[in-house]
Amino acid sequence: MGREEFTALLGSGTEYQGQLNFKGTVRIDGRFIGSICSEGKLILGKDANIEGTIAVSELVVHGALNGEIRVSKRTVLHQTAKVTGVLSTPLLAMEEGALLQGELLMGKEDAKKDLAAHHLNPQPEHGVHDIDSPVKQ
């Protein structure tokens, strides 16, 4: 297996606030607060602590992530991942031990519409229920 080349790397111990737009693959191992937008791949290392809005093509998480997350292709949560918030992705792979707390929107082609609909109408759609809510027949 070859090494993946990164467009950018925010190493462990770094802190950044603002907006990040990129092409290719970016790895973050530090703290980031703000928005990240790309058609590329975002990798969050074990020491990553991210808060904000994320819209990327592919997402790989080893660290902590809190926010609104839209992924257009696939999301991978490794054993040390801790994700909190709203995650919209068509494909999710999750290792045993990974934590996903919040809302998961899956299986639909237009993740942006799903996320926008969630904020405009917080009530569950027909056939979609919160885990804690009783299902009415």
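This is a predicted model: local features need pLDDT of at least 70, side-chain atom pairs count only at pLDDT 80 or more; totals for chains, interfaces and linings use all residues.
Now colour by burial. Of the 137 residues in the protein chain, 33% are buried. Show the surface next. The protein chain exposes about 8,700 Å², and carbon and sulfur atoms supply 50% of that.

**Salt bridges**

Side chains of opposite charge can pair when their charged atoms come close. The whole structure holds 3 salt bridges.

Select Asp29 and Arg27. They form a salt bridge, with the closest N and O atoms 2.9 Å apart. Asp29 has a relative accessible area of 13%, so it counts as buried. Arg27, at 24%, is partly exposed.

Next, select Arg31 and Glu51. Their closest N and O atoms are 2.9 Å apart in a salt bridge. Arg31 sits in strand β4 and Glu51 in strand β6, so the pair ties together parts 20 residues apart in sequence. Arg31 is partly exposed at 26% relative accessibility, and Glu51 is partly exposed at 31%.

Then pick Arg74 and Glu58. Their side chains meet in a salt bridge at 3.3 Å, N to O. Arg74 is in strand β7 and Glu58 in strand β6, 16 residues apart.

**Thr89**

Finish at Thr89, in strand β8 (residues 82-89). Is Thr89 buried or exposed? Its relative accessibility is 2%, so Thr89 counts as buried. Its side chain reaches the backbone oxygen of Leu91 at 3.0 Å. Show the residues that Thr89 touches, among them Val71, Arg74, Leu104 and Met106.

Key:
Residues are numbered from 1 along each chain as its sequence is written. Side-chain values use heavy atoms; hydrogens and water are left out. Helices (H or I, at least four residues) and strands (E, at least two) are DSSP runs, numbered from the N terminus. Buried means under 20% relative accessible area, exposed over 50%, partly exposed in between (1.4 Å probe, protein chains only). A polar contact is a pair of N or O atoms within 3.5 Å; within protein, one must be able to donate a hydrogen and the other to accept it, and residues adjacent in sequence count only if both atoms are side-chain atoms. Contact means heavy atoms within 4.5 Å. Accessible areas come from the Shrake-Rupley method with a 1.4 Å probe; for residues, only the protein chains shown count as cover. A salt bridge is a side-chain nitrogen of Lys or Arg within 4 Å of a carboxyl oxygen of Asp or Glu. Lists of a residue's contacts leave out its neighbours within four places in sequence.
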